[in-house]
Amino acid sequence: MSQDTPTDERNGGMNRRTMLAAAGGTAVATALAGCSTLLGGSQSDVEGEADVPDEPIQAGLQTFTEGAAAVLGLQAQHGAELAVRRINDAGGIAGREMELDTVHEADAHVENYTQFVDEGKDVTFGPISSGGHAAMAPEVESQGVVNVSTDGTVTTLYEGTVEDPTYSFRFQNYDVMECVTAAREAVSRVGADEIDTIAGINPNYAFGQDEWKFFELAMNQLVDGGVDSVYEGFPDLGATDMATHITEINNVQPDVTFSSQWGGDVTTMMNQASANGMFGNTQLVGSVLYSAVDELERNVVEEADAISGSRNWYWGFPDRSRWAPNDDTFGAARDEWDIVPTAHFMSGYGAVTAWATAVAKLVDVIGGWPSQDQIARGLEGHGFYTPAGYHVMSAGHQGKSNAFSGRMAWSEEVGAAVLEDVNAYAPQEVSPPEGTTAEEWVNGW
(Lines give C-alpha, C1' and ligand atoms only; values in the text may rest on other atoms or scores of the structure.)
Protein backbone atom coordinates (compact mmCIF):
# COMPACT_ATOMS: atom_id res chain seq x y z
CA MET A 1 0.00 0.00 0.00
CA SER A 2 1.34 3.40 -0.90
CA GLN A 3 1.42 6.25 1.55
CA ASP A 4 0.36 9.70 0.44
CA THR A 5 2.81 12.52 0.93
CA PRO A 6 1.71 15.84 2.46
CA THR A 7 -0.27 18.13 0.22
CA ASP A 8 1.00 21.50 -1.03
CA GLU A 9 -1.06 24.61 -1.74
CA ARG A 10 0.75 25.25 -5.03
CA ASN A 11 -0.24 21.75 -6.10
CA GLY A 12 -3.86 22.63 -5.61
CA GLY A 13 -4.03 20.60 -2.42
CA MET A 14 -3.00 17.43 -4.22
CA ASN A 15 -0.39 15.07 -2.87
CA ARG A 16 2.94 14.81 -4.68
CA ARG A 17 2.11 11.54 -6.40
CA THR A 18 -1.10 12.86 -7.90
CA MET A 19 0.41 16.22 -8.74
CA LEU A 20 3.22 14.59 -10.69
CA ALA A 21 0.67 12.55 -12.55
CA ALA A 22 -1.10 15.75 -13.54
CA ALA A 23 2.19 17.15 -14.78
CA GLY A 24 2.65 14.00 -16.79
CA GLY A 25 6.03 13.06 -15.40
CA THR A 26 4.85 9.89 -13.74
CA ALA A 27 1.72 9.26 -15.70
CA VAL A 28 2.53 5.62 -16.14
CA ALA A 29 3.09 5.15 -12.42
CA THR A 30 -0.34 6.35 -11.47
CA ALA A 31 -2.66 4.21 -13.53
CA LEU A 32 -5.90 3.78 -11.74
CA ALA A 33 -6.90 0.55 -10.08
CA GLY A 34 -8.75 -1.72 -12.47
CA CYS A 35 -10.50 -5.03 -12.75
CA SER A 36 -9.68 -7.82 -15.17
CA THR A 37 -13.36 -8.25 -15.93
CA LEU A 38 -13.24 -4.92 -17.74
CA LEU A 39 -10.51 -6.10 -20.07
CA GLY A 40 -12.00 -9.00 -21.91
CA GLY A 41 -11.60 -12.68 -21.12
CA SER A 42 -11.46 -14.30 -17.71
CA GLN A 43 -8.70 -13.90 -15.17
CA SER A 44 -7.32 -17.30 -16.13
CA ASP A 45 -7.10 -16.17 -19.75
CA VAL A 46 -4.70 -13.38 -18.97
CA GLU A 47 -2.56 -14.80 -16.24
CA GLY A 48 0.84 -15.90 -17.44
CA GLU A 49 0.75 -13.97 -20.71
CA ALA A 50 3.98 -12.88 -22.37
CA ASP A 51 6.18 -10.33 -20.68
CA VAL A 52 6.35 -6.74 -21.85
CA PRO A 53 8.30 -6.46 -25.13
CA ASP A 54 11.68 -4.77 -25.11
CA GLU A 55 11.33 -2.61 -28.20
CA PRO A 56 10.03 0.99 -28.06
CA ILE A 57 6.36 1.75 -28.57
CA GLN A 58 5.75 3.08 -32.07
CA ALA A 59 3.15 5.86 -32.20
CA GLY A 60 1.88 7.95 -35.11
CA LEU A 61 0.34 11.43 -34.98
CA GLN A 62 -1.38 13.20 -37.86
CA THR A 63 -1.92 16.92 -37.47
CA PHE A 64 -1.66 20.08 -39.55
CA THR A 65 2.04 20.92 -39.77
CA GLU A 66 1.80 23.54 -42.53
CA GLY A 67 -0.61 26.15 -43.88
CA ALA A 68 -3.06 28.31 -41.92
CA ALA A 69 -4.30 25.33 -39.90
CA ALA A 70 -0.80 24.76 -38.54
CA VAL A 71 -1.58 27.44 -35.95
CA LEU A 72 -3.56 24.68 -34.24
CA GLY A 73 -1.81 21.63 -35.60
CA LEU A 74 1.65 22.50 -34.35
CA GLN A 75 0.24 23.18 -30.89
CA ALA A 76 -1.15 19.62 -30.85
CA GLN A 77 2.17 18.25 -32.09
CA HIS A 78 4.15 20.08 -29.42
CA GLY A 79 1.76 18.95 -26.71
CA ALA A 80 2.05 15.32 -27.81
CA GLU A 81 5.84 15.60 -27.95
CA LEU A 82 5.97 17.00 -24.42
CA ALA A 83 3.79 14.18 -23.08
CA VAL A 84 5.96 11.56 -24.81
CA ARG A 85 9.13 13.13 -23.43
CA ARG A 86 7.75 13.23 -19.90
CA ILE A 87 6.67 9.59 -20.14
CA ASN A 88 10.09 8.54 -21.41
CA ASP A 89 11.87 10.61 -18.75
CA ALA A 90 9.82 8.74 -16.16
CA GLY A 91 11.02 5.38 -17.52
CA GLY A 92 8.46 4.74 -20.25
CA ILE A 93 5.36 2.58 -20.01
CA ALA A 94 6.31 -0.58 -18.14
CA GLY A 95 9.86 0.18 -19.21
CA ARG A 96 9.01 0.76 -22.89
CA GLU A 97 9.85 4.19 -24.25
CA MET A 98 7.60 5.83 -26.85
CA GLU A 99 8.70 7.02 -30.29
CA LEU A 100 6.35 9.49 -32.01
CA ASP A 101 6.19 9.85 -35.79
CA THR A 102 4.29 12.95 -36.98
CA VAL A 103 2.83 13.51 -40.46
CA HIS A 104 0.92 16.41 -42.04
CA GLU A 105 -2.74 15.40 -42.08
CA ALA A 106 -3.51 17.49 -45.20
CA ASP A 107 -6.65 15.92 -46.72
CA ALA A 108 -5.35 12.37 -46.41
CA HIS A 109 -6.70 11.25 -43.06
CA VAL A 110 -7.60 7.70 -44.05
CA GLU A 111 -4.37 7.26 -46.02
CA ASN A 112 -2.27 8.55 -43.12
CA TYR A 113 -3.95 6.18 -40.68
CA THR A 114 -3.60 3.12 -42.92
CA GLN A 115 0.05 4.00 -43.54
CA PHE A 116 0.63 4.07 -39.78
CA VAL A 117 -1.06 0.66 -39.49
CA ASP A 118 1.03 -0.76 -42.35
CA GLU A 119 4.16 0.52 -40.60
CA GLY A 120 3.20 -1.43 -37.48
CA LYS A 121 2.35 1.48 -35.22
CA ASP A 122 1.08 0.42 -31.78
CA VAL A 123 -1.23 3.43 -31.52
CA THR A 124 -2.22 6.46 -33.58
CA PHE A 125 -3.29 9.97 -32.58
CA GLY A 126 -5.09 12.81 -34.39
CA PRO A 127 -6.53 14.31 -36.49
CA ILE A 128 -7.50 17.98 -36.05
CA SER A 129 -10.14 18.09 -38.80
CA SER A 130 -13.74 17.15 -38.04
CA GLY A 131 -14.42 16.10 -41.62
CA GLY A 132 -11.20 14.09 -41.70
CA HIS A 133 -12.06 12.42 -38.42
CA ALA A 134 -15.49 11.42 -39.70
CA ALA A 135 -13.88 9.91 -42.80
CA MET A 136 -11.23 8.10 -40.80
CA ALA A 137 -13.22 6.64 -37.88
CA PRO A 138 -14.86 3.80 -39.89
CA GLU A 139 -11.39 2.80 -41.15
CA VAL A 140 -10.12 2.71 -37.55
CA GLU A 141 -12.93 0.31 -36.70
CA SER A 142 -12.03 -1.83 -39.71
CA GLN A 143 -8.27 -1.94 -39.07
CA GLY A 144 -8.49 -2.45 -35.29
CA VAL A 145 -5.54 -0.31 -34.20
CA VAL A 146 -6.59 2.12 -31.46
CA ASN A 147 -6.74 5.79 -32.43
CA VAL A 148 -7.18 8.55 -29.86
CA SER A 149 -8.06 11.71 -31.73
CA THR A 150 -6.73 15.03 -30.58
CA ASP A 151 -9.67 17.00 -31.98
CA GLY A 152 -12.06 16.31 -34.87
CA THR A 153 -14.89 17.32 -32.57
CA VAL A 154 -18.03 17.08 -34.73
CA THR A 155 -20.99 15.99 -32.59
CA THR A 156 -22.34 13.37 -34.99
CA LEU A 157 -19.17 11.23 -34.95
CA TYR A 158 -20.34 8.87 -32.20
CA GLU A 159 -24.04 9.60 -32.68
CA GLY A 160 -24.23 8.59 -36.33
CA THR A 161 -20.95 8.04 -38.19
CA VAL A 162 -19.71 5.31 -35.82
CA GLU A 163 -22.50 4.66 -33.34
CA ASP A 164 -20.88 1.73 -31.53
CA PRO A 165 -17.11 2.28 -31.70
CA THR A 166 -14.51 -0.17 -30.46
CA TYR A 167 -11.11 1.26 -31.43
CA SER A 168 -11.88 4.95 -32.10
CA PHE A 169 -11.65 7.43 -29.19
CA ARG A 170 -11.66 11.22 -28.86
CA PHE A 171 -9.86 13.12 -26.09
CA GLN A 172 -10.96 16.72 -26.62
CA ASN A 173 -14.43 18.00 -25.63
CA TYR A 174 -16.79 17.84 -28.60
CA ASP A 175 -18.82 20.54 -30.33
CA VAL A 176 -21.95 20.48 -28.23
CA MET A 177 -19.86 20.99 -25.09
CA GLU A 178 -18.16 24.14 -26.31
CA CYS A 179 -21.32 25.53 -27.96
CA VAL A 180 -23.37 25.11 -24.79
CA THR A 181 -20.48 26.69 -22.90
CA ALA A 182 -20.48 29.64 -25.34
CA ALA A 183 -24.25 30.05 -25.06
CA ARG A 184 -24.15 29.99 -21.25
CA GLU A 185 -21.35 32.55 -21.34
CA ALA A 186 -23.29 34.84 -23.69
CA VAL A 187 -26.37 34.73 -21.51
CA SER A 188 -24.38 35.17 -18.30
CA ARG A 189 -22.14 38.02 -19.47
CA VAL A 190 -24.48 39.91 -21.84
CA GLY A 191 -27.72 39.10 -20.03
CA ALA A 192 -30.68 37.11 -21.30
CA ASP A 193 -32.86 40.22 -21.30
CA GLU A 194 -30.35 41.97 -23.55
CA ILE A 195 -30.28 39.29 -26.26
CA ASP A 196 -33.02 39.28 -28.88
CA THR A 197 -30.96 38.62 -32.00
CA ILE A 198 -27.95 36.46 -32.85
CA ALA A 199 -25.81 35.90 -35.93
CA GLY A 200 -23.02 33.53 -36.89
CA ILE A 201 -19.80 33.52 -38.90
CA ASN A 202 -18.56 29.95 -38.96
CA PRO A 203 -16.25 27.86 -41.16
CA ASN A 204 -17.87 26.24 -44.17
CA TYR A 205 -17.58 22.56 -43.32
CA ALA A 206 -18.88 20.00 -40.84
CA PHE A 207 -17.35 21.65 -37.76
CA GLY A 208 -18.64 25.16 -38.45
CA GLN A 209 -22.13 23.99 -39.39
CA ASP A 210 -22.27 21.74 -36.31
CA GLU A 211 -21.14 24.51 -33.98
CA TRP A 212 -23.65 27.06 -35.32
CA LYS A 213 -26.47 24.54 -35.05
CA PHE A 214 -25.80 23.82 -31.38
CA PHE A 215 -25.13 27.43 -30.40
CA GLU A 216 -28.43 28.44 -32.00
CA LEU A 217 -30.30 25.57 -30.32
CA ALA A 218 -28.82 26.39 -26.91
CA MET A 219 -29.56 30.11 -27.18
CA ASN A 220 -33.18 29.43 -28.05
CA GLN A 221 -33.48 27.32 -24.94
CA LEU A 222 -31.63 29.67 -22.59
CA VAL A 223 -33.41 32.90 -23.58
CA ASP A 224 -37.10 33.13 -22.68
CA GLY A 225 -39.09 33.45 -25.87
CA GLY A 226 -36.08 32.41 -27.97
CA VAL A 227 -33.86 34.52 -30.21
CA ASP A 228 -34.04 35.62 -33.82
CA SER A 229 -31.18 34.47 -36.04
CA VAL A 230 -30.66 37.45 -38.29
CA TYR A 231 -27.62 36.27 -40.26
CA GLU A 232 -25.53 33.16 -40.80
CA GLY A 233 -22.41 33.12 -42.95
CA PHE A 234 -20.00 30.31 -43.72
CA PRO A 235 -16.69 31.50 -45.22
CA ASP A 236 -14.43 28.81 -46.64
CA LEU A 237 -11.43 27.65 -44.65
CA GLY A 238 -8.50 29.94 -45.31
CA ALA A 239 -10.66 32.66 -46.87
CA THR A 240 -8.69 35.89 -47.21
CA ASP A 241 -11.72 38.17 -47.59
CA MET A 242 -14.56 38.08 -45.03
CA ALA A 243 -15.87 41.57 -45.88
CA THR A 244 -19.25 40.26 -47.06
CA HIS A 245 -19.98 38.65 -43.70
CA ILE A 246 -18.70 41.60 -41.70
CA THR A 247 -20.80 44.00 -43.76
CA GLU A 248 -23.89 41.89 -43.08
CA ILE A 249 -23.18 41.90 -39.34
CA ASN A 250 -22.81 45.67 -39.41
CA ASN A 251 -26.10 45.98 -41.29
CA VAL A 252 -28.18 43.79 -38.94
CA GLN A 253 -26.29 44.59 -35.70
CA PRO A 254 -27.13 41.41 -33.77
CA ASP A 255 -26.88 41.47 -30.00
CA VAL A 256 -24.48 38.52 -30.16
CA THR A 257 -22.37 37.18 -33.02
CA PHE A 258 -21.11 33.63 -32.57
CA SER A 259 -18.04 32.36 -34.37
CA SER A 260 -16.26 29.00 -34.33
CA GLN A 261 -13.51 30.26 -36.62
CA TRP A 262 -10.15 28.88 -35.56
CA GLY A 263 -6.47 29.44 -36.14
CA GLY A 264 -5.56 31.76 -38.99
CA ASP A 265 -9.20 32.32 -39.87
CA VAL A 266 -9.73 33.97 -36.47
CA THR A 267 -6.95 36.41 -37.23
CA THR A 268 -8.36 37.23 -40.66
CA MET A 269 -11.90 37.72 -39.33
CA MET A 270 -10.93 39.80 -36.30
CA ASN A 271 -8.50 42.03 -38.23
CA GLN A 272 -11.13 42.78 -40.87
CA ALA A 273 -13.85 43.19 -38.23
CA SER A 274 -11.67 45.75 -36.47
CA ALA A 275 -10.94 47.63 -39.69
CA ASN A 276 -14.65 47.81 -40.49
CA GLY A 277 -15.98 48.75 -37.06
CA MET A 278 -17.86 45.50 -36.39
CA PHE A 279 -17.02 45.29 -32.70
CA GLY A 280 -19.09 48.39 -31.97
CA ASN A 281 -22.18 46.73 -33.43
CA THR A 282 -22.26 43.35 -31.72
CA GLN A 283 -20.78 41.24 -28.91
CA LEU A 284 -18.44 38.62 -30.39
CA VAL A 285 -18.63 35.22 -28.67
CA GLY A 286 -16.45 32.37 -29.89
CA SER A 287 -15.77 28.76 -29.07
CA VAL A 288 -12.08 28.74 -30.00
CA LEU A 289 -11.09 32.33 -30.81
CA TYR A 290 -8.23 31.95 -28.35
CA SER A 291 -6.65 29.39 -30.69
CA ALA A 292 -5.15 32.36 -32.58
CA VAL A 293 -3.49 33.82 -29.47
CA ASP A 294 0.00 33.91 -30.97
CA GLU A 295 -1.14 35.90 -34.03
CA LEU A 296 -3.62 38.43 -32.63
CA GLU A 297 -2.46 42.03 -32.23
CA ARG A 298 -3.04 44.14 -29.15
CA ASN A 299 -5.33 46.75 -30.72
CA VAL A 300 -7.61 44.08 -32.17
CA VAL A 301 -7.85 42.15 -28.91
CA GLU A 302 -8.63 45.27 -26.89
CA GLU A 303 -11.16 46.59 -29.39
CA ALA A 304 -12.97 43.26 -29.73
CA ASP A 305 -13.46 42.63 -26.00
CA ALA A 306 -14.50 39.17 -27.14
CA ILE A 307 -15.66 36.21 -25.09
CA SER A 308 -13.81 33.02 -26.00
CA GLY A 309 -13.89 29.42 -24.99
CA SER A 310 -10.74 27.45 -24.45
CA ARG A 311 -12.03 23.88 -24.74
CA ASN A 312 -10.74 21.68 -21.91
CA TRP A 313 -7.72 23.72 -20.82
CA TYR A 314 -6.66 27.27 -20.16
CA TRP A 315 -3.11 27.61 -18.89
CA GLY A 316 -3.99 30.44 -16.48
CA PHE A 317 -6.79 28.64 -14.63
CA PRO A 318 -6.20 27.80 -11.86
CA ASP A 319 -3.61 30.54 -11.53
CA ARG A 320 -0.08 29.29 -12.26
CA SER A 321 1.12 30.43 -8.84
CA ARG A 322 -1.35 27.99 -7.25
CA TRP A 323 -1.22 25.12 -9.75
CA ALA A 324 2.27 23.86 -10.54
CA PRO A 325 1.27 21.64 -13.52
CA ASN A 326 -0.02 24.74 -15.34
CA ASP A 327 3.14 26.65 -14.54
CA ASP A 328 5.41 23.80 -15.66
CA THR A 329 3.55 23.22 -18.92
CA PHE A 330 3.22 26.92 -19.77
CA GLY A 331 6.92 27.38 -19.12
CA ALA A 332 7.88 24.38 -21.25
CA ALA A 333 5.83 25.66 -24.19
CA ARG A 334 7.29 29.16 -23.93
CA ASP A 335 10.87 28.01 -23.49
CA GLU A 336 11.00 25.30 -26.15
CA TRP A 337 8.61 26.51 -28.86
CA ASP A 338 8.11 30.21 -27.99
CA ILE A 339 4.33 29.85 -28.02
CA VAL A 340 1.46 30.57 -25.69
CA PRO A 341 -0.04 27.09 -25.30
CA THR A 342 -3.71 26.70 -26.12
CA ALA A 343 -6.31 23.99 -25.69
CA HIS A 344 -4.92 22.39 -28.84
CA PHE A 345 -1.59 21.93 -27.08
CA MET A 346 -3.58 19.98 -24.48
CA SER A 347 -5.34 18.04 -27.26
CA GLY A 348 -2.02 16.43 -28.20
CA TYR A 349 -0.82 16.10 -24.62
CA GLY A 350 -4.06 14.58 -23.41
CA ALA A 351 -4.55 12.12 -26.26
CA VAL A 352 -1.12 10.61 -25.56
CA THR A 353 -1.71 10.62 -21.81
CA ALA A 354 -5.12 8.93 -22.13
CA TRP A 355 -3.62 6.00 -24.02
CA ALA A 356 -0.42 5.78 -21.94
CA THR A 357 -2.16 5.74 -18.55
CA ALA A 358 -4.72 3.20 -19.72
CA VAL A 359 -1.98 0.88 -21.01
CA ALA A 360 0.05 1.27 -17.80
CA LYS A 361 -2.99 0.26 -15.80
CA LEU A 362 -3.63 -2.74 -18.06
CA VAL A 363 -0.04 -3.96 -17.74
CA ASP A 364 -0.44 -3.94 -13.97
CA VAL A 365 -3.70 -5.85 -14.15
CA ILE A 366 -2.91 -8.54 -16.72
CA GLY A 367 0.81 -8.93 -16.09
CA GLY A 368 1.75 -8.51 -19.74
CA TRP A 369 1.44 -6.18 -22.68
CA PRO A 370 -2.24 -5.71 -23.62
CA SER A 371 -3.73 -6.44 -27.03
CA GLN A 372 -5.52 -3.81 -29.09
CA ASP A 373 -8.86 -5.24 -27.94
CA GLN A 374 -7.80 -5.04 -24.30
CA ILE A 375 -6.53 -1.47 -24.70
CA ALA A 376 -9.80 -0.46 -26.35
CA ARG A 377 -11.85 -1.93 -23.52
CA GLY A 378 -9.48 -0.50 -20.92
CA LEU A 379 -9.91 3.01 -22.30
CA GLU A 380 -13.69 2.89 -21.82
CA GLY A 381 -14.46 4.69 -18.57
CA HIS A 382 -10.76 5.39 -17.97
CA GLY A 383 -9.99 8.37 -15.72
CA PHE A 384 -6.67 10.18 -15.74
CA TYR A 385 -4.96 13.49 -14.94
CA THR A 386 -3.22 16.06 -17.11
CA PRO A 387 -2.28 19.66 -16.28
CA ALA A 388 -5.87 20.50 -17.33
CA GLY A 389 -7.22 18.45 -14.44
CA TYR A 390 -9.14 15.21 -14.36
CA HIS A 391 -10.57 13.61 -17.47
CA VAL A 392 -12.79 10.63 -18.16
CA MET A 393 -13.00 8.71 -21.40
CA SER A 394 -16.69 7.88 -21.42
CA ALA A 395 -18.20 4.51 -22.27
CA GLY A 396 -19.24 6.12 -25.55
CA HIS A 397 -15.54 6.85 -26.35
CA GLN A 398 -15.94 10.62 -25.93
CA GLY A 399 -13.49 12.34 -23.59
CA LYS A 400 -15.23 14.56 -21.07
CA SER A 401 -13.47 17.32 -19.17
CA ASN A 402 -14.22 20.71 -17.69
CA ALA A 403 -14.87 23.41 -20.30
CA PHE A 404 -13.31 26.87 -19.90
CA SER A 405 -14.27 30.32 -21.16
CA GLY A 406 -13.27 33.89 -20.39
CA ARG A 407 -13.01 37.42 -21.71
CA MET A 408 -10.05 38.09 -24.01
CA ALA A 409 -7.71 40.87 -22.90
CA TRP A 410 -4.13 41.92 -23.56
CA SER A 411 -1.34 41.08 -21.13
CA GLU A 412 1.87 43.10 -21.07
CA GLU A 413 3.51 40.34 -19.03
CA VAL A 414 2.73 37.61 -21.55
CA GLY A 415 2.96 39.87 -24.61
CA ALA A 416 -0.18 38.27 -25.99
CA ALA A 417 -3.87 37.84 -25.34
CA VAL A 418 -5.02 36.19 -22.14
CA LEU A 419 -8.39 35.15 -20.76
CA GLU A 420 -9.72 37.06 -17.77
CA ASP A 421 -12.62 36.24 -15.46
CA VAL A 422 -12.48 32.59 -16.49
CA ASN A 423 -15.41 30.28 -15.83
CA ALA A 424 -15.18 26.48 -15.71
CA TYR A 425 -18.12 24.24 -16.54
CA ALA A 426 -18.28 20.62 -15.40
CA PRO A 427 -18.95 18.05 -18.16
CA GLN A 428 -22.45 17.32 -16.87
CA GLU A 429 -23.33 21.02 -17.32
CA VAL A 430 -22.45 21.10 -21.02
CA SER A 431 -22.87 17.56 -22.37
CA PRO A 432 -25.67 15.03 -22.60
CA PRO A 433 -25.78 11.89 -20.45
CA GLU A 434 -24.73 8.60 -22.04
CA GLY A 435 -27.35 7.26 -24.41
CA THR A 436 -28.90 10.65 -25.17
CA THR A 437 -28.06 12.55 -28.32
CA ALA A 438 -26.89 16.13 -28.03
CA GLU A 439 -29.89 17.48 -29.91
CA GLU A 440 -32.37 15.52 -27.76
CA TRP A 441 -30.64 16.79 -24.64
CA VAL A 442 -30.64 20.48 -25.60
CA ASN A 443 -34.20 20.36 -26.87
CA GLY A 444 -35.25 18.78 -23.59
CA TRP A 445 -34.17 21.69 -21.40
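Good morning. Let me begin with the ground rules. Residues are numbered from 1 along each chain as its sequence is written, and side-chain values use heavy atoms, with hydrogens and water left out. Because the model is predicted, local features need pLDDT of at least 70 and side-chain atom pairs count only at pLDDT 80 or more, while totals for chains, interfaces and linings use all residues.

I turn to the chain as a whole. The protein chain holds 15 helices and 15 strands; helices (H or I, at least four residues) and strands (E, at least two) are DSSP runs, numbered from the N terminus. Of the 445 residues in the protein chain, 59% are buried. Here, buried means under 20% relative accessible area, exposed means over 50%, and partly exposed lies in between, with a 1.4 Å probe and protein chains only. The chain exposes about 16,500 Å², and carbon and sulfur atoms supply 43% of that area. Such areas come from the Shrake-Rupley method with a 1.4 Å probe; for residues, only the protein chains shown count as cover. Among contacts in the chain with a separation of 6 or more, 71% join residues 24 or more positions apart. A contact means heavy atoms within 4.5 Å.

Next, the salt bridges. Side chains of opposite charge can pair when their charged atoms come close. In our terms, a salt bridge is a side-chain nitrogen of Lys or Arg within 4 Å of a carboxyl oxygen of Asp or Glu. How many salt bridges does a search of the whole structure find? The search finds 13.

One of them joins the side chains of Lys-121 and Asp-101, at 3.6 Å from N to O. Lys-121 lies in the loop between α4 and β3 (123–125) and Asp-101 in strand β2 (residues 98–104), so the pair ties together parts that are 20 residues apart in sequence. Lys-121 is buried, at 9% relative accessible area, whereas Asp-101 is partly exposed, at 32%. Together with Glu-119, Asp-101 and Lys-121 are linked in a network of salt bridges.

Another salt bridge joins Asp-151 and Arg-311, with the closest N and O atoms 2.7 Å apart. This pair links distant parts of the chain, 160 residues apart: Asp-151 is in the loop between β4 (147–149) and β5 (168–170), and Arg-311 is in the loop between β10 (307–309) and α11 (324–337). Are these two residues buried or exposed? Asp-151 is buried, at 1% relative accessibility, and Arg-311 is buried, at 6%.

A further salt bridge is formed by Asp-421 and Arg-189, whose closest N and O atoms are 3.1 Å apart. Asp-421 in strand β15 (residues 416–425) and Arg-189 in helix α6 are 232 residues apart, and the pair links distant parts of the chain. Asp-421 is exposed, at 56% relative accessibility.

Let us now look at some buried residues. His-133 sits in helix α5 (residues 130–143). Why is His-133 counted as buried? It counts as buried because its relative accessibility is 0%. Leaving aside neighbours within four places in sequence, its contacts include Pro-127, Tyr-158, Phe-169 and Asp-151; Asp-151 is the residue that forms a salt bridge with Arg-311.

Phe-384 belongs to strand β11 (residues 383–386) and is buried, at 3%. Phe-384 and Ala-354 are 30 residues apart in sequence, and their C-alpha atoms are 6.7 Å apart in space. Ala-354 is also among the contacts of Phe-384, as are Phe-171 and Tyr-390.

In helix α13 (residues 372–379), the buried residues include Gln-374, Ile-375 and Gly-378. After α13 comes Gly-381, with a positive phi near 80 degrees.

Finally, the surface. Tyr-385, Tyr-390 and Val-392 form a nonpolar patch with about 240 Å² of accessible area together. Patches are made of residues with over 30% relative accessible area and no salt bridge; like charges are joined within 9 Å, and nonpolar side chains (Val, Leu, Ile, Met, Phe, Trp, Tyr) within 5 Å. Val-392, in strand β12 (residues 389–393), is partly exposed, at 31%. Thank you for your attention.
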